[in-house]
Amino acid sequence: RQIEGGLSEAIAKGELKMVYQPIISRDGLEIIGFEALMRWNTEEFGPISPAMFIPIAEESNLIHELGDWAIDEAAKTLQQWPGQYVSVNFSPRQFRRQNFVGHIIERVQHHGIAPDRIQIEITETAIFDDAERAAETLYRLRQMGFRIALDDFGTGYSSLYNIRRFALDCLKIDRSFIDGMGRERASAAIVHSIIHLGRALGLEVVAEGVETQEQLDTLLVAGCSHLQGYFFSRPVDADIACELAERRW
Ligand code: G
Ligand code: G
Ligand code: MN
Ligand code: NA
């Protein structure tokens, strides 16, 4: 369609960019890493959200082109950063790509970046369909030194089963739960449960979508290890992210 056509030329036309949102550690409230998020500014229609174009790209191999471009951008940005890692989103189709492990290690080595400075963000959907193969892929990625985060945690299937069986470093609590925390007992209970579960398993837990001081206070009392959201910063361009790197809250 129209979007698919535009997207296939977007890289060459320089219409894509990556923006970076800080991930904050509870210790010292300082930035330990950034999540990389893709942005597409079209000539014709203005900005189009990744929530719109990523699913379209994922219907074809276009997603691999975008994904490779995203890793290259993140790696280049990492070369200028003192920060610990950049967290890159991978869609299920990317994760299930033939020789995904070999492919990603090759690109990272090409840029001279240590794998432990890349965090791979996947959703439960990516590992649910073929759990056997997913477990193997995650194990190998982890062995090479990559960090693994389970994104949108709590919204997918078989959450508890997944975290027991897969090699992970980090759970990211979906922002819908953080948003609901102050209003609904169920959301608050889910947030607390995920934090406790993560701690018991020695995993980092990132609360996403933190927008208010009140949410931050609640999360800190609950023992959440990491935080991300507009309260700290919106996703920003690479050069601004570099300037932010030393900031504390
Ligand atoms: O940044 P924003 O909230 O608009 O992102 C919307 C959705 O698009 C989120 O689910 C996010 O994970 C996804 N997304 C953003 N950037 C990328 C990317 O580089 N690759 C993939 N696969 N998904 C992305
Ligand atoms: O699915 P994923 O968690 O990768 O999506 C991240 C999306 O959430 C990005 O599009 C980002 O722009 C958005 N986001 C980040 N922080 C906040 C926040 O505090 N509030 C809201 N509403 N969205 C946020
Ligand atoms: Mn994400
Ligand atoms: Na998420």
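Biologist: How many residues surround ligand 2?

Modeller: This is a predicted model, where local features need pLDDT of at least 70, side-chain atom pairs count only at pLDDT 80 or more, and totals for chains, interfaces and linings use all residues. Residues are numbered from 1 along each chain as its sequence is written, while chains are lettered from A and ligands numbered from 1 in the order in which they are written. A residue is near a molecule if its C-beta atom, placed from the backbone, lies within 6 Å of it. The closest to ligand 2 are Asn89, Gly209, Glu211, Gly229 and Tyr230, and the residues that surround it number 13.

Biologist: How many residues of the shell around ligand 2 are charged?

Modeller: Ala, Val, Leu, Ile, Met, Phe, Trp, Tyr, Cys and Pro count as nonpolar, Asp, Glu, Lys and Arg as charged, and the others, Gly among them, as polar. The shell around ligand 2 has four nonpolar and four polar residues. The charged residues there number five.

Biologist: Which element gives the most residues to the shell around ligand 1?

Modeller: The residues around ligand 1 include Leu37, Met38, Ser49, Pro50, Ala51 and Ile54. By class, this shell has seven nonpolar, three polar and no charged residues. Helices (H or I, at least four residues) and strands (E, at least two) are DSSP runs, numbered from the N terminus. Strand E2 (30-42) and helix H2 (50-57) each supply at least two residues, and the most, three, come from H2.

Biologist: Which residue of E2 is the bridge partner of isoleucine 23?

Modeller: Two strands pair if DSSP finds at least two bridges between them. Strand E1 (residues 16-25) pairs with E2 in the antiparallel sense, over ten bridges. In E2, the partner of isoleucine 23 is glycine 33.

Biologist: Is the pairing of E2 with E4 parallel or antiparallel?

Modeller: Strand E4 covers residues 85-89. Glutamate 35 has serine 87 in E4 as its bridge partner. E2 and E4 are joined over four bridges, and the sense is parallel.

Biologist: How many residues lie between E2 and E3 in their hairpin?

Modeller: Strand E3 (residues 46-48) runs antiparallel to E2, with three bridges. Asparagine 41 is bridged to proline 47 in E3. Between the two strands of this hairpin, the residues number three.

Biologist: Is leucine 29 buried, exposed or partly exposed?

Modeller: Leucine 29 lies in the loop between E1 and E2. Phi there is positive, near 45°, in a residue other than glycine. A residue is buried if 20 or more other C-beta atoms lie within 10 Å of its own, exposed if 12 or fewer, and partly exposed in between, with C-beta atoms placed from the backbone. Leucine 29 has 14 C-beta neighbours inside 10 Å, so the class is partly exposed.

Biologist: Where does asparagine 99 lie, and is it buried or exposed?

Modeller: Most residues other than glycine have a negative phi. Asparagine 99 has a positive phi of about 55°. Its place is the loop between helix H4 (92-95) and helix H5 (100-110). Because 10 other C-beta atoms lie within 10 Å, asparagine 99 is exposed.

Biologist: Which residues does histidine 111 touch?

Modeller: Histidine 111 is found in the loop between H5 and strand E5 (118-123). Two residues are in contact if their C-beta atoms, placed from the backbone, lie within 7 Å. Not counting residues up to four places away in sequence, histidine 111 touches Ala75, Lys76 and Gln79.

Biologist: What is the radius of gyration of the protein chain?

Modeller: The chain has twelve helices and nine strands. The radius is taken over C-alpha atoms, and the globule rule is 2.2 Å times the number of residues to the power 0.38. For 249 residues that rule gives 18 Å, and the chain comes close to it, so it is as compact as a globular protein of that length, with a radius of gyration of 18 Å.
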